[in-house]
Amino acid sequence: MAYTVDWIAKVITIPVGDLTLISGTYYSLSMQDFHEEIRRLEWEFDDGLWAPQILEHTNTRLDFVGANYAPFDEIINGYTVEFGAGPTRVDLLGSNNNIVDVLIPSGVSVVPSNSAGLQVYYEEGGGGVPAPPLMAVKFKDDLGVVRTGVVSGLS
Amino acid sequence: MAIYDRDATAATAVAAWLTQFKVASTGAITYVSGSDTFHVWWMHRALQKIAWDFAISGDDEINLAKPNPSTSEALGTIITLNDHTTDYSVNYTVTATVMEYHFGGSVTYDGGDEAYGGLIVLGSVNSSTYLEIIQNNAVLTSHWGTGKNQTDANTLLRVCIQTRTSGADIDGKRVIVKANTWGDTYAVWRTTLGLGESVAAINTASDPQNNTSLGTVQGYTGITNNAQYQLLDVQSDGNPQPFYSKWDRGSNTNKQLYEWIKSLMVYGTSDTIFGIDGSFFTGGPTFSCDVDTGGSGTWISNEIVGWTESGVVSSGLLIAADNMTDTSTTKLWIHLLKGINPTDGTTISGATASNDVDTTITTYNPASNHVGTFTGTAWIGGYGVGIDPADLGVNDSLTDLDGDILSPPNNVSITVSTNGATAPHVFLARKDGALEAPDYTDNTVGVGNTSGNGTFVVTNAIASETPPTGSVLVLDTTGGATAYEELIYTSWTGSTYTLAGTLPRTYTSGDPTFTPILYIAATGGADPRSATTSLIYGGTPFNVMGWVRHGDPSSPDKPVPISGSVGAAGFSTTVQLDDES
């Protein structure tokens, strides 16, 4: 099987056949497979070569100060994801991703297993309760606004 | 050698004239020896001098006892030698050799049955130039070399040309003066000689596009000319226009073609062009005429055709006929060789064909070098001169036989080059006017797009800046499509694409379509690979955007956006694809 994409409604449908059965209705999805399939669909003339990009991918960062960091997969440009009927739980393995944020609810529990890593917390509102601050930083948010925050060593 | 112009010292000029020529008692004037040249006035004055003397002197046999030798008019530029055969058995005559040493006016004798007319060629030439004089479709034997009797700085040549013999004008006293010197621009002047001295103007300049040795140019190969009426699609708009030639440079350059054509008409060679010696060719048709009442024959390209107009037997070179079957011919283009242009009702005949002139005659002054101007980078073609459209560029202009100036479109190249992947796919389209996105609806589905059709019709005319081949994408909204569908076209015109295949389904009028500029794979055996097309640039830059993607599951690459503007130079960009696996 293969994913199907409604390029107009921007809905990516992942069939059960492309998930890995763990047991019963419990499945996992290899984010490497997801990445490769999306790139193929974006590349094909009779699929989505004409359409806006679906996925922003950041490669695995290996041996960074002695640690290997998993890749990032971000669904962009308004695309959404849904799973075919059947699974009650799908574990997303192999990357940090935002699939949960763009998931079309269908009763399936999606477990992203994202790494908290080194995080940035807003001082002014949002972000939950910060971990004990280690260092103040300035950064730009998604809108390009310069904000002040602190970083936490929580991982 | 001395030149005795009209204002020379009389005593000196008359003495020199009488030394160089002999006047017999019969009146015959003959050349003796010497190289001086004389204004015709001095012939008259010398004859009057010896006819005034009481005694004959030297080799001359005329004195006061003989009848008046000559008369002069128009300040000594019209000389008439008198014929007294009846009363005195004296007829003052000249020979061709005698007249080679005269200039400045006309000399008539034998009671007007014989005449020479004066010709003065004014102007300037870039380099030493052998002027050719064509009379009655023949090149006159030159005794003037690169110039003669240059009595001032603006005079190239002054001679006397025989214009009448045995009581009949020689081709109506018409002559053509040509300057065809290698390395210089060419010049042609037509004039009619008569009494006195007639003027021709010749000016040449250094031709910067004609600086290759003649021998080298004559060695070029592969240049051809289809010398007949034909339609050429210069503007690449599917609307070909009439020309009387199609020069094809083969693998040569435009400059080489330009010099080749000039070499066919240069002085001193016997090369032919349009079927005749280049010396007789003055550049192209000198007139065209509408015709009717055809015979039952066939015109032959570049045949000699004839007609008689007002008793003047005339001939010309058939340059073009819009239809070679004379019953269907409506227009002829002719290079006059001798005689005069026909008028309404005159019958023009070839080897087998004939047509009557139908009212309208249009005259032309063709480019002296036939082809027109070559600037070094562009053609400005002479009237009706066709060049293989495949050899033309946007800066060239040709004038067709209708007189319309045509230029090829600015066919610009659109190229996206890629490095780093073996099978990248390229998408490039016009940018939406408001969004940071491609324009996904530049047209809509037209009517009549039924499954199985070999064409695809859109509502509005296809934009002129659309690649000649490519893909049109259609969104079957009515059919519930979830993606644009690619239809590959091989050509387009108006609002119709001709497809490589057939329509896979029936489309509903009004559904959105758009035509990307590039929707192809970049090809090539090694980096850089490229995706290329072309389009006719309309003159106003427009923005484009798109991307290059490589999604081979074994090693996908990070998509790379591309954007920019298509202008007069087209569009070109290179992207680097980076492995994402």
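This is a predicted model: local features need pLDDT of at least 70, side-chain atom pairs count only at pLDDT 80 or more; totals for chains, interfaces and linings use all residues.
View 1. Chain A contains 15 strands and one helix. Among its 155 residues, 24% are buried.

**View 2. A:Leu19 in its loop.** Here we zoom in on A:Leu19, which sits in the loop between strand S2 (11–14) and strand S3 (20–23) of chain A. A:Leu19 counts as buried because 21 other C-beta atoms lie within 10 Å, and the cut-off for buried is 20 or more.

**View 3. The surroundings of A:Leu19.** Setting aside neighbours within four places in sequence, A:Leu19 has contacts with A:Ile14, A:Tyr27, A:Ser28, A:Leu29, A:Pro87 and A:Val90.

**View 4. Where chain B touches chain A.** On this side, 18 residues of chain A are in contact with 17 residues of chain B. The chain B side of this contact is made up of nine nonpolar, four charged and four polar residues.

**View 5. The domains of chain B.** Take a moment to find domain 1 (3–203), domain 2 (214–278 + 368–406), domain 3 (285–363) and domain 4 (412–576), into which chain B is divided. Between the C-alpha centres of domain 3 of chain B and domain 4 of chain B, the distance is 53 Å.

How values were computed. Residues are numbered from 1 along each chain as its sequence is written. Chains are lettered from A and ligands numbered from 1 in the order in which they are written. Two residues are in contact if their C-beta atoms, placed from the backbone, lie within 7 Å. Ala, Val, Leu, Ile, Met, Phe, Trp, Tyr, Cys and Pro count as nonpolar, Asp, Glu, Lys and Arg as charged, and the others, Gly among them, as polar. Domain bounds come from an automatic or database domain assignment. Helices (H or I, at least four residues) and strands (E, at least two) are DSSP runs, numbered from the N terminus. A residue is buried if 20 or more other C-beta atoms lie within 10 Å of its own, exposed if 12 or fewer, and partly exposed in between; C-beta atoms are placed from the backbone.
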